[in-house]
Amino acid sequence: MKLYNTLTKQLDDFKPISDVVKIYTCGPTVYNYQHIGNYASYIYWDLLVRTLKADGFTIRRVLNLTDVGHLTSDGDEGEDKLEKGAAREGKSVYEIADMYSKDFLENFRSLYLTEPDVIAKATDYVEADMKAVSKMTENGFTYETEDGIYYDTSKFENYADFARLDLKGLQAGARVGFNDEKHNVSDFAVWKFIKPGEKHAMRWDYLGRPGYPGWHLECSTIIHEELGEPIDIHTGGIDHIPIHHTNEIAQSFALSGKPLANYWLHANFITVDGEKISKSLGNVYLLSDLKERGFKPLDYKMWVLQGHFQGTRNFTFESLEAAKARRLNWRNRIALCYQKDIKSDDNIYNKVLDALNENLNSAEAFAIIDGATISLEDWKKIDELFGLNLINETPEITEDIKRIISSREAARLEKNWTKSDRLRDELAIKNIAVKDTSDGSVWEYLA
Ligand code: AMP
Ligand code: ZN
């Protein structure tokens with residue numbers, strides 16, 4: 001399999017470290033609903049997992065849920081997002097984390113995304129975070145300031161490499177007066193102290209003072225505890241490259257002296273109606289908004305898979321309508337397999353899989369599917385490859401429905417239009433239509 005690797009900045013042939021491919025995905029901060037853009041990347045990583053499985057790999061995958069420490073900026077400024085959510089809704093931080101974790105996981109499942117082996121809540125790893133900070137300190141990578149323990153990025157020679165950062169330029173552009181205690185502008189908190197009187201409900205005692213972990217730390221710690229570095233593949237959004245992932249790599253090096261991951265995959269952002277997704281533009285759509293407009297989460301998954309994880313995508317309801325129609329068309333091609341003996345074109349499944357093995361080119365795989373003749377057996381395998389739930393949603397019709405179809409045929413032959421129309425309506429209620437083709441009549445699903 002070829003994957004575009006942010007680490008090497010090229011298409012690399014995937015070679016696993018051992019028999020079990022270790023994958024880590026940076027998950028959501030559970031302080032609010034996730035919008036459709038957020039789910040796009042999880043859909044691409046699901047395709048990654050499904051493709052690797054189809055290639056015969058065994059996978060161990062971890063996804064984290066950030067329920068502490070993610071500040072409103074990616075740096076060390078601002079409010080903890082969970083505290084912000086709690087204040088907004090008059091709930092406790094624990095209630096907020098619980099509510100939005102549940103919502104995220106429900107949506108995750110409604111998209112038929114392969115369940116990770118471990119779903120790791122950041123708050124379950126705070127003891128391990130403290131051990132990690134102590135270890136990094138012991139190894140000489142941190143220093144203490146009034147508001148926390150900071151990672152000294154000058155101690156990690158390769159700090160700038162991953163994101164090709166211009167550290168001199170960053171240093172020159174740093175705001176005067178901002179956190180004078182930081183040794184370098186790129187240094188970041190691995191642990192934050194809670195000042196007397198400061199409101200922060202989630203707190204743990206470390207070094208004799210209350211505090212909480214820096215946001216970037218949880219991913220390094222969870223990987224250290226659950227997978228062991230280096231892992232095979234680390235995934236996230238492109239916004240993670242310059243700060244979050246750069247800092248994860250630095251921390252893991254300070255912890256273990258090893259690289260964090262061999263392959264890094266980053267999903268690009270989607271826009272809505274040509275604009276950045278933002279509250280002020282009123283274009284923040286949730287999966288529930290799509291459902292209200294008559295779309296299934298899997299129509300959205302189909303839409304996402306029509307594009308590439310590295311490409312910029314523009315979401316419109318017209319394009320979602322087209323993806324929905326394409327999915328229905330595929331289902332009705334499956335329905336046709338129950339009615340006629342359909343044989344696949346040569347090697348069709350392998351051709352589809354080959355396209356995915358070229359840097360997850362699902363758009364190309366979809367084009368191959370559109371242009372091919374596919375048997376029921378191959379549809380089953382293809383469905384498994386994309387997780388589109390096509391087969392389950394397209395069962396063979398019952399004997400009862402078959403009888404209605406025959407009666408309608410008979411009514412039409414007798415030119416009894418009233419009866420045939422009545423039976424057509426009866427079928428429509430059961431979500432079935434009958435289409436007359438040059439090859440005789442066939443039934444289809446209406447939705
Ligand atoms: P947030 O909860 O806003 O921090 O978003 C979580 C993650 O979702 C971000 O770090 C991005 O990687 C991803 N994300 C946010 N907006 C988009 C978007 N418009 N398209 C794709 N991914 C996004
Ligand atoms: Zn992360």
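Is C337 buried or exposed? At 12% relative accessibility, C337 counts as buried, because buried means a relative accessible area under 20%. Keep that cut-off in mind, as it will come back several times below. One thing to know before going on: the structure above is a predicted model.

## The overall picture

Let's start with the whole chain. The protein chain has 447 residues, and buried residues make up 53% of them. Its secondary structure comes to 15 helices and 16 strands. If you draw a box around the C-alpha atoms along the principal axes, the box is roughly 90 × 50 × 35 Å.

## The cysteines

A disulfide is a covalent bond between the sulfur atoms of two cysteines. How many disulfides does the count come to? The count here comes to 0 disulfides. The rule asks for a pair of cysteine sulfur atoms within 2.5 Å.

## Salt bridges

Next come the charged side chains. A search of the whole structure finds 29 salt bridges. To follow them, you need one cut-off: a side-chain nitrogen of Lys or Arg must be within 4 Å of a carboxyl oxygen of Asp or Glu. The table shows a few of them.

| Salt bridge | N to O distance |
|---|---|
| E89 and R88 | 2.7 Å |
| K102 and D98 | 3.3 Å |
| E399 and K402 | 3.6 Å |

Take E89 and R88 to begin with. E89 is partly exposed at 24% relative accessibility, and R88 is partly exposed at 40%.

The pair K102 and D98 belongs to helix α3, which covers residues 93-110. Because they are 4 residues apart in that helix, K102 and D98 are separated by about one helical turn. D98 is partly exposed, with a relative accessible area of 42%.

The pair E399 and K402 sits in helix α14, residues 399-413. These two residues are 3 apart, again about one turn of the helix. E399 is exposed, with a relative accessible area of 51%, while K402 is partly exposed at 30%. Why does E399 count as exposed? Its 51% is what decides it, because exposed means over 50%.

Salt bridges can also join up into a group. Which residues are linked in a network of salt bridges? They are K296, D299, R327, R331 and E393.

## A negative patch on the surface

Some charged residues gather on the surface in another way. D273, E275, E318 and E321 form a patch of negative charge there. Residues in such a patch have over 30% relative accessible area and no salt bridge. You can find E275 in the loop between β13 (270-272) and α8 (287-292).

Now turn to the backbone itself. Most residues other than glycine have a negative phi, and most peptide bonds are trans.

What kind of peptide bond joins E229 and P230? The bond is cis, with omega about 0°. P230 lies in the loop between α6 (217-226) and β11 (231-237).

N389 is not a glycine, and its phi is positive, near 55°. This residue is found in the loop between α13 (376-386) and α14. N389 is buried, with a relative accessible area of 11%.

K415, which is not a glycine either, has a positive phi of about 60°. Its place is in the loop between α14 and α15 (417-429). K415 counts as exposed, at 59% relative accessibility. So N389 is buried, whereas K415 is exposed, because its 59% is over the 50% cut-off.

## Two residues brought together

Finally, look at M130, in helix α4 (residues 126-138). M130 is buried, with 10% relative accessibility. Along the chain, M130 and Y206 are 76 residues apart.

Conventions: Residues numbered from 1 in each chain as written. Chains lettered and ligands numbered in written order. Predicted model: local features only at pLDDT ≥ 70, side-chain atom pairs only at ≥ 80, totals over all residues. Heavy atoms only, no water. Patch = residues over 30% accessible without salt bridge, like charges linked within 9 Å, V, L, I, M, F, W, Y side chains within 5 Å. Areas by Shrake-Rupley, 256 points an atom, 1.4 Å probe, with all protein chains shown as cover. Lys, Arg positive; Asp, Glu negative; His and termini not counted. Charge placed at Lys NZ, Arg CZ, Asp CG, Glu CD. Buried < 20%, exposed > 50% of the residue type's maximum accessible area, 1.4 Å probe, protein only.
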